[in-house]
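Biologist: I am new to this structure and would like to go through its aromatic rings. Could you take me through them?

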Amino acid sequence: MRLLTVILLFFTSCSLPKKESVDHMPPVGRVEYDKIQEQSYAILKPLVDNRDADAEEYFRFARLALDLGHYEEALQAVDRSIAKGGQEASKSFLKARALAKLGRVKEAILDGENAAALDLENPEFYAFLANLYFNVDSLRLSKEYIDESLYIAPGWVTALQMKAKVYLKSNNVEEAKPLLYQAIENDKESIESYRLLAQCYLQEPGRLDSAIEVNNKGMQLSKRYAEGLMKNHAEILARLGKTDSALKVYQLMQARPHKEPVLGEMAELYAKNGAFTLASKYFVEQIEERPDLKKFYFRAAENLEYLGRYNDAQEIYLRGQGKFPSDKSFEEAAARMGAKLQVKYRAIEL
């Protein structure tokens, strides 16, 4: 059985492209690639389940499991590979990626830093860490790591895009744009560069036409649904006063698997048009869908307060306080709502 497994793996590995990086698309078609991955995964799984695999087989299985979305299996398999064959940079990096997919960001950062310490010359490790720190709003650390990545690989498009994202999040459009111009020059087919450049133009007064042109270019290049470009498209429609069309785009995005806070974007659009009851509804739904997004607690409570629903607003602030105990602004806002309620109740009594 063991010999048969090795033979089968040899033949599938001949056609299986290596996929060390999450950023590199395989040279075969997506459907064909996934089929090959699934076949290799099925061959290795009995060995792994029976704990009869060696360190390399555990690691290969972990890579396949990660690519196919089986993150818990990937994590377990890479831990076994480490236990059998020792720690290596590639194993730490794979573990970090699996942990990140599982939402265990602090652990992912530790393993990502371990990978970078074991291989100081790999720009992908630094870019991965930069993205993790970016996602937890540690922009200073994100920039430090992405600068390390670009020092090793100055023209790497993924790193250029990541650094532009840091500047965009800091509202520093002028620093972001040259990075994206260079990214597009280096790779004219990367739709992420067009998405980010369109966001730059959307932040600049009087550049809506440029945003439309760049975002449309990205959509033309995209061969499949691209969530970020669709979000830009919805914002452009809203800027043009086409509210109903923008809402339809958001509804389409919400119906698909998504990372963007679509409900929150819909809520912002309703609030902008004075529909505060609907805005409050969607802000609250966004909190329920993504309780990790702090700003929507404030936006929901602000809308509820505007509607005079102080009890509901206080409840939202208290939920935010429970989720983000170190942020004293929630405690202060809840106390302020409590004071408003006391005034309201005294007025009723009188």
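Biologist: Is phenylalanine 330 buried or exposed?

Modeller: Phenylalanine 330 has a relative accessible area of 0%, so this residue is buried; buried means under 20% relative accessible area, exposed over 50% and partly exposed in between, with a 1.4 Å probe and protein chains only. This is a predicted model, in which local features need pLDDT of at least 70, side-chain atom pairs count only at pLDDT 80 or more, and totals for chains, interfaces and linings use all residues. Residues are numbered from 1 along each chain as its sequence is written, and side-chain values use heavy atoms, with hydrogens and water left out.

Biologist: What about phenylalanine 324?

Modeller: Phenylalanine 324 is buried too, at 16%. Its ring and that of phenylalanine 330 are stacked, because the centres are 5.9 Å apart and the planes are at 10 degrees. Rings of Phe, Tyr and Trp (its six-membered ring) pair if their centres lie within 6.5 Å; planes under 30 degrees apart count as stacked, over 60 as edge-to-face and the rest as tilted.

Biologist: Which residues do ring pairs link into a cluster?

Modeller: The cluster consists of Tyr297, Phe298, Tyr317, Phe324 and Phe330.

Biologist: Changing topic, which residue lies over the face of phenylalanine 324?

Modeller: That is lysine 294, at 5.3 Å from the ring centre. A charge sits over a ring if NZ of Lys or CZ of Arg is within 6 Å of the ring centre and within 35 degrees of the ring normal. Likewise, arginine 256 lies over the face of tyrosine 225, at 4.1 Å from the ring centre.

Biologist: How many aromatic pairs does the structure hold?

Modeller: There are 13 aromatic pairs. One of them, tyrosine 133 with tyrosine 145, is stacked, at 5.6 Å centre to centre and 5 degrees between the planes.
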